2 protein chains.
Amino acid sequence: MSFGFETLARTPGGARAGRLRTPHGDVPTPIFMPVGTRATVKALSVSDLRRAGAGIVLANTYHLYLRPGVDVVREAGGLAAFSGWGGPTLTDSGGFQIVSLARLCELDETGVTFRSHLDGSRHRFTPESVVRFQRELGADVMMPLDVPPVPGAPADETARANRLTLAWLRRSIEERDRTEGTSSTGRRQALFGIAQGGFDPAARREAATALVELDLDGYAAGGLSLGEDKGKTREALQVTLDHLPADRPRYLMGMGTPEDLVDGIARGVDLFDCVLPTRNARNAQAFTSGGPVNLRLERHARDFGPLDSECRCETCTEYTRSYLRHLVKTGEMLGGRLLSLHNVHYYLNLVRTVREAILEGEFESARARILGRYGEEND
Amino acid sequence: MSFGFETLARTPGGARAGRLRTPHGDVPTPIFMPVGTRATVKALSVSDLRRAGAGIVLANTYHLYLRPGVDVVREAGGLAAFSGWGGPTLTDSGGFQIVSLARLCELDETGVTFRSHLDGSRHRFTPESVVRFQRELGADVMMPLDVPPVPGAPADETARANRLTLAWLRRSIEERDRTEGTSSTGRRQALFGIAQGGFDPAARREAATALVELDLDGYAAGGLSLGEDKGKTREALQVTLDHLPADRPRYLMGMGTPEDLVDGIARGVDLFDCVLPTRNARNAQAFTSGGPVNLRLERHARDFGPLDSECRCETCTEYTRSYLRHLVKTGEMLGGRLLSLHNVHYYLNLVRTVREAILEGEFESARARILGRYGEEND
């Protein structure tokens, strides 16, 4: 089997430990996917990712379509070969850019026309072309072009976004079926569905229910990283999860503080991605067992201890907080690099620890231990 | 012996292979010293440097004095400990900044007063204080505060620069002797002399001759990276080298294309430093066995071969030119990092290859082979 998902253990509350099979290798779940938008996880090499224990890396169709172009990636042998990573990958569709680059987009019933954020040139994305682009990119998991409702939009707009998302997904499936889900390098590609619905429980329920009828390889909860408060976000996530089948992988798109990961895993999420560990690293924030640390602060200037004494990454074993602060304060590239390395290591170690706890039937105590310590430091 | 130098082999023309002993370890010579101005070789980790075979790393007193402050470095246990590098280090004095930051400096007979390039605050550097700062930094080799003549300056200015450089060196030696050349961490530190003299052969001869009488641990040829043409520069270098004793290490400050390194080694230089491999890497230029390569060029867009097929560094074994070009064109941090890694690896491999050739009595054929290939590619 070239693509599949199995659950190995499950807690009474619904957290699960499993395994995702892909043509580029198996991925233990729950897992955090480092974000490599332009086929590079910012500042990190592929050997950094391997050493950190990354299992699957995300990239973005919209950005790779613009540069270097999907044809270059295809000629390289697909995203895994092009980037040197070699392992499992997932490509986001560009749907998120409909929101994040909204002023450059015109949405209509059949697709989206946008001007490039680089040179203003006009491009057309349809559900079909986005599947074709991802066929060229050759990621193991494709995401369909969707329409995330703008947060706070009136109910009729949310309903239209839901309707378009579902209609476009049907078209994406048809396009996928044209090559029987096979990439340009001849490998099987999974297609996930994205359940939107904004922050309205009824709309989310409707979206998830309709989606499941289409029998996809996996299901994602989308639109939840758009800045609503934690309570509303988690409620919306739970409604979606309640309507997804247990035998398919579940992916929470784009959100994750360390607390979000633990909470999401408790609710039965298998896959996460988020720019926080790398983006915040470039802004001097480290995630540690004791909580978030701001390396700009004077209190670290003469701290010759490690960033996180429980961490075994290169940053924590080779360097001190004092030195990391010096790098950050002087704007040296190595600062962003070493903090990115640590943060990704921290995130992957977190999901690995929780996974082992689930397998050993110790999830609740692991969760209490992790969250109990997190917040001891809070810069 | 905590500091020393021995020559292991010598060619008829004067190239030599040797060994520099320091309290932080032995350094094979000839060697290239990667430049870590602010206690970091830009974009590279200490494990990168170790894997590239770095033997000794350079840092800058002026920059470290400003940030993080010499006291922080001392409390960390000195530069080698602070930076995580652990191995031999050399600190430049800040003399070069008298030229490069001239508009912020006022030079007088006893020292230099400058305004910080960061916040405009006023600071005073004297030959004595600069030795004291370097004692706190604890590098294995200290460089004295000198006065490089401004290129193209009239003869009387060059003469004054020579006179001050020599007078300040005497004061540096006195300050060194106050602690018998011992750093704040209790290790012996070498002090080199710097032979200036601009591009006037007579002035360079005078500077070198006077310097040698002071019996220093090593001698540097300074002021030669300031942009004169190759012919004049090499002539000025040769005059200096002609007057330096054979039993001490010789350091050519701040210049080095790959051709400069091979030429300098042929003339008997033991130590080099230069920002080219790291600075140019951040500007998309790679140094390869075939010559300089500009990764911005379209011709690399679909080149799925390695950057340098003769190189065994991580960049050349894990990534393609196509991917490196993509990183460079999209401004991704990983691009500057991977090119810096390769360039430093290339430089260190170059001096290592030449050293082995000297030891095996094959220097001339190695030189011809290296220079013969270099230039096959020339972006």
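Chain B is superposed on chain A by a rotation of 180° with 0.0 Å of shift along its axis, at an RMSD of 0.0 Å; copies are fitted by least squares on the C-alpha atoms of residues with pLDDT of at least 70 in both. The two copies are thus related as by a two-fold rotation axis. The same surface serves both copies, as 97% of the contact residues of chain B recur in chain A, where contact requires the C-beta atoms of two residues, placed from the backbone, to lie within 7 Å. To find the axis on screen, B:Met333 is a handy landmark: of the residues of chain B, B:Met333 comes closest to the axis, its C-alpha being at 3.9 Å.

The model is predicted, local features need pLDDT of at least 70, side-chain atom pairs count only at pLDDT 80 or more, and totals for chains, interfaces and linings use all residues. Residues are numbered from 1 along each chain as its sequence is written, while chains are lettered from A and ligands numbered from 1 in the order in which they are written.

In chain B, three strands form an open antiparallel sheet in the order 7-8-9. Strands (E, at least two residues) and helices (H or I, at least four) are DSSP runs numbered from the N terminus, and two strands pair if DSSP finds at least two bridges between them. Strand 7 (105-107) and strand 9 (122-125) of chain B are the edges, each pairing on one side only. From one strand to the next the twist averages 20°, with axes as lines fitted to C-alpha atoms and angles running from 0 to 180 degrees between N-to-C directions. Strand 8 (residues 112-115) of chain B is joined to strand 9 of chain B by four bridges, and B:Val112 stands opposite B:Phe125 in strand 9 of chain B.

Most residues other than glycine have a negative phi, and most peptide bonds are trans. A cis bond, with omega about 5°, joins A:Arg67 to A:Pro68, the latter in the loop between helix 2 (61-66) and helix 3 (70-76) of chain A. Another cis bond runs from B:Thr29 to B:Pro30, with omega near 0°.

Positive phi values occur at A:Ala284, near 75°, and at B:Ala39, near 65°. A:Ala284 counts as buried because 21 C-beta neighbours lie inside 10 Å; burial requires 20 or more other C-beta atoms, placed from the backbone, within 10 Å of a residue's own. B:Ala39 is likewise buried, with 29 such neighbours inside 10 Å.

Terms used. A residue is buried if 20 or more other C-beta atoms lie within 10 Å of its own, exposed if 12 or fewer, and partly exposed in between; C-beta atoms are placed from the backbone.
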